[in-house]
Every structure is written in C-alpha cells, then in structure tokens.
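Please keep the sequence and the structure in view while reading.

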Amino acid sequence: MENNALYYKSLVVFGFAIFVVMLILSPKGHSESPVVVKAQEERIRQEMISISRQLSVTCNECHNVQNFALDEKKSFKISKDHIRIVETLKANGFDGKKGPEANCYMCHQGKLKPAYKETERK
Ligand code: HEC
Ligand code: HEC
C-alpha cells in the first residue's frame with residue numbers, strides 16, 4: 001500500500017520534471033533557431049565571398065553550385081585542409097591583435113596556385 005503511494009508520487013514528480021524541461025526547451029527552439037540559422041548562413045556566405053576573392057576564383061572552383069554541401073571537387077577538399085591551416089595560424093599568434101590576422105591571401109595573394117619556392121617566382 002505504502003509502496004504504491006510512493007510509486008505514484010514519483011511518477012507525478014517525474015512527469016512534472018519532464019513538463020518543466022519541455023517548457024524550458026520549447027520556446028527557445030521556436031523563437032531563436034531561425035534567427036541563429038539565418039545568422040550562420042550569412043556568416044558562411046560572407047566567409048565564402050571573402051576566400052573566393054583572396055584566391056581570385058568563383059564559387060564553382062570548389063562547389064557544385066547545385067549542392068554546396070557536396071565535397072566532390074579537389075579544390076574543396078584542399079580548401080578544407082587550408083581552412084584548418086588558417087585556424088591553426090590564428091590560434092598561434094596570427095590573430096590580428098598585435099600584427100596580421102591569418103587568411104588565405106597571406107599565402108595565395110590572389111592566385112589559386114601560389115608559388116611556394118623561390119625558383120617558382122615569376
Ligand atoms: C576555395 C574554395 C571555395 C570557394 C571558392 C567557395 N567555397 Fe564554399 N566552401 C568551401 C569549403 C571547403 C566549405 C566547407 C567548410 C567546412 O566544412 O568547414 C564550404 C562551405 C560552403 C557552404 C556550406 C555548405 C554546407 O555544408 O551547408 C556554402 C553554402 C558555401 N560554401 C557557399 C559558397 C559560395 C556561395 C561561394 C561563392 C561566393 C563559395 N562557397 C566559394 C570552399 C569554397
Ligand atoms: C600557409 C600558406 C597557405 C595558406 C594560409 C593557405 N594556402 Fe592554400 N595553398 C598554399 C600552397 C603553397 C598551395 C600550393 C600547393 C601546390 O601547388 O601543391 C596551396 C594550394 C591551394 C589550393 C589548390 C590549388 C590547386 O588547384 O592546386 C586550394 C584550393 C587552396 N590552396 C585553398 C586555400 C584556401 C581556401 C585558403 C584559406 C582558407 C588557403 N588555401 C590558405 C598555401 C596556403
């Protein structure tokens with residue numbers, strides 16, 4: 001008898017806890033997420049325009065413009081590595097605070113294939 005009461009009590013408490021959690025989560029999910037997604041898309045778009053300019057290429061050098069998420073192009077794959085290089089440089093002093101901030105232009109200087117040996121200078 002007492003066990004049963006305890007069982008129902010904890011059931012009610014548990015149910016209430018779930019209700020509270022859902023109450024906390026749901027309004028956020030509705031009011032914030034589209035705004036956040038929009039802001040993220042805009043940030044990616046600006047970043048992409050910027051790296052295109054730094055290499056003097058257009059979007060389709062790296063993307064199948066029918067589906068920007070595909071990674072079928074060679075330049076896309078290399079860029080993923082080079083984005084990581086830039087992040088590493090930013091995390092190791094080239095953060096723009098005391099000197100230059102690392103970016104693609106630093107090496108590429110407006111070329112898709114930058115010269116990287118002295119003998120390759122033109
Ligand atoms: C030099 C190569 C390069 C160029 C040029 C480039 N992108 Fe990208 N783009 C990438 C890479 C690499 C990623 C993936 C980034 C990641 O996963 O962190 C990406 C990701 C994206 C995404 C996100 C795709 C997803 O997974 O949802 C969009 C959208 C996008 N690019 C649009 C553009 C547009 C628009 C242009 C032209 C203005 C452009 N890109 C030019 C390399 C490039
Ligand atoms: C530390 C210098 C450095 C930085 C920073 C850098 N790159 Fe590169 N990248 C190179 C060098 C050097 C090559 C040429 C490699 C070769 O010819 O084999 C190259 C080649 C590439 C290529 C291949 C070109 C081809 O067709 O062979 C792509 C695409 C590229 N980089 C994208 C990027 C993007 C996008 C960024 C910025 C997010 C970036 N790189 C930042 C040094 C750099």
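## The shell around ligand 2

In this predicted model, the helices that each supply at least two residues of the shell around ligand 2 are α2 (33-55), α3 (74-91) and α4 (105-108). The largest share comes from α3, which provides 7 residues of that shell.

Ligand 2 is surrounded by 17 residues, the closest of which are S75, H82, C104, C107 and Y116. By residue class, the shell around ligand 2 divides into 12 nonpolar, 4 polar and 1 charged residues.

## The shell around ligand 1

Around ligand 1 there are 19 residues, and those that come nearest are M48, C59, C62, F68 and S79. Helices α2 and α3 each supply at least two residues of this shell, and the largest share of the shell around ligand 1, 7 residues, comes from α2.

## H108 and its surroundings

Residue H108 is located in helix α4, one of the helices that supply at least two residues of the shell around ligand 2. H108 counts as partly exposed because it has 17 C-beta neighbours inside 10 Å, whereas a buried residue would need 20 or more and an exposed one 12 or fewer.

When neighbours within four places in sequence are left aside, H108 is in contact with Q54, L55 and P114. The C-alpha atoms of H108 and S56 are 9.2 Å apart in space, although 52 residues separate the two in sequence.

How values were computed: Residues numbered from 1 in each chain as written. Chains lettered and ligands numbered in written order. Predicted model: local features only at pLDDT ≥ 70, side-chain atom pairs only at ≥ 80, totals over all residues. Near = placed C-beta within 6 Å. Helix = DSSP H or I, 4+ residues; strand = E, 2+ residues; numbered from the N terminus. Nonpolar A, V, L, I, M, F, W, Y, C, P; charged D, E, K, R; others polar. Contact = placed C-beta atoms within 7 Å.
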